[in-house]
Amino acid sequence: TNNKMATVPLGFNIDAPRWDQSTFVGRLKHFLNITDPRTVLVPEEELDRAKALVEGCRAGLVPPGSSQEQLLYAKKLYDSAFHPDSGEKMNFIGRMSFQVPGGMAITGCMLQFYRTVPAVVFWQWVNQSFNAFVNYTNRNAASPISLRQIGVAYVTATGAALATAVGLNLYTKRAPPLLARWVPFAAVAAANCVNIPMMRQQEIINGITVTDGDNNELGRSRRAAVKGIAQVVVSRITMAAPGMIILPIIMERLEKFTFMQRIRVLHGPLQVLLCGGFLLFMVPAACALFPQRCSLALADLELELRDSIVAKHGDKVPYVYFNKGL
């Protein structure tokens, strides 16, 4: 087949980011590209073809007549569906490109059915199950996690979400109605603070690999893991915040109109659609808050690691770098 293959265009590196990843706008364009919900509808065969094209391109061979546009689109599909560390195809529900359709359905329902305890319990449970799936799918594959740890993380996060939601629900019975509508957000924020660190506890216990600016490994750092995971928690809460804080205010206003009281049946679907509008922008914006390649000053590292780096490299390594995960 080699005579049928063409070489990759000169100076084209399929793995080089298309936009400057050191700026927020560059990262936003990058994540708008890979969290594009339309990629969820792409058939499996086309994803496999995209993977073959990307791997061929890395090896320096592509089908003749492949345009740069086709190669970049293949890379977009590859990034949306395959794990960056292992290269395995990720399950459908856990992909970042499924965050908008999956998240809008669940968030819309959490915001709509917030009045009764059974509904709160059910939707918070659905949401935490979805989150556990996403966190497991997008974990740092270099730090394996056992099924038992996944189970414990799932149970504690669901427990935290339910305790917050049910507790606040009972507490807000006497409060202004808008406060009751904000309970789902408080529950989601509390659960994120538990779910993500629990799912990624291996990284906190054993540390994650840190490198210098040229990707040479320097050792493992627990402090780097804590910083990376903290940034992911902030991103996830930010992702949910605008929809879950602003949308209740909008609905509170809208529901005072007579036409809205006539179409109660449509309130749920309307909230789901509006959530989708928020998430379309918020998923990439929240992912783009912090650089994917996170840095930590040498002075902030554990003493032993810092000493070993200084012993080997002197003052040539002011910062270490690592992948923070999503």
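Which residues does the UniProt annotation "transmembrane region" cover? In the unreviewed entry, this annotation is placed on residues 151-171, 229-250 and 270-290. The structure examined here is a predicted model. In that model, residues 151-171 are 100% helix and 0% strand, with 30 Å between the end C-alpha atoms. Residues 229-250 are likewise 100% helix and 0% strand, and their end C-alpha atoms are separated by 32 Å.

Helix α6 (residues 147-171) packs with α5 at an angle of about 150°, the two axes being 9 Å apart. The crossing of this pair is right-handed. On the α5 side, the contact is made by Val117, Val120, Val121, Gln124, Trp125, Gln128, Ser129, Ala132 and Tyr136. These residues meet Ile150, Tyr154, Ala157, Thr158, Ala161, Leu162, Ala165, Val166 and Asn169 of α6. By residue class, the contact of α5 with α6 comprises 13 nonpolar and 5 polar residues and no charged ones.

Helix α5 (residues 117-137) also packs with helix α8 (residues 183-199), here at an angle of about 35° and with the axes 11 Å apart. α5 again passes its partner in a right-handed crossing. The α5 residues involved are Gln124, Asn127, Gln128, Asn131, Ala132, Asn135 and Tyr136. Their counterparts in α8 are Pro184, Ala187, Val188, Ala191, Asn192, Asn195, Ile196 and Met199. The contact of α5 with α8 divides into 8 nonpolar and 7 polar residues, again with no charged residue. Gln124, Gln128, Ala132 and Tyr136 of α5 take part in both contacts.

Leu47, Ala50, Leu53, Val54, Gly56 and Cys57 of α2 are buried. An α-helix has 3.6 residues a turn, so residues three or four places apart point the same way. The buried residues of α2 pack against β2 (61-62) and α3 (68-81). Gly60, which follows α2, has a positive phi, near 95°.

Helix α3 contains 14 residues and extends 20 Å from its first C-alpha to its last, close to the 20 Å expected at 1.5 Å a residue. Buried positions in α3 are Leu71, Leu72, Ala74, Lys75, Lys76, Leu77, Tyr78, Ser80 and Ala81. The elements against which these buried residues pack are α1 (24-34), α2 and β2.

Notes:
Residues numbered from 1 in each chain as written. Predicted model: local features only at pLDDT ≥ 70, side-chain atom pairs only at ≥ 80, totals over all residues. Heavy atoms only, no water. Axes fitted to C-alpha atoms, helices over the stretch in contact; angles between N-to-C directions. Helix = DSSP H or I, 4+ residues; strand = E, 2+ residues; numbered from the N terminus. Left-handed = near helix turned anticlockwise from the far one by under 90°. Contact = heavy atoms within 4.5 Å. Nonpolar A, V, L, I, M, F, W, Y, C, P; charged D, E, K, R; others polar. UniProt positions renumbered as here; feature names shortened; annotations may be inferred. Buried < 20%, exposed > 50% of the residue type's maximum accessible area, 1.4 Å probe, protein only. Expected span 1.5 Å × (residues − 1).
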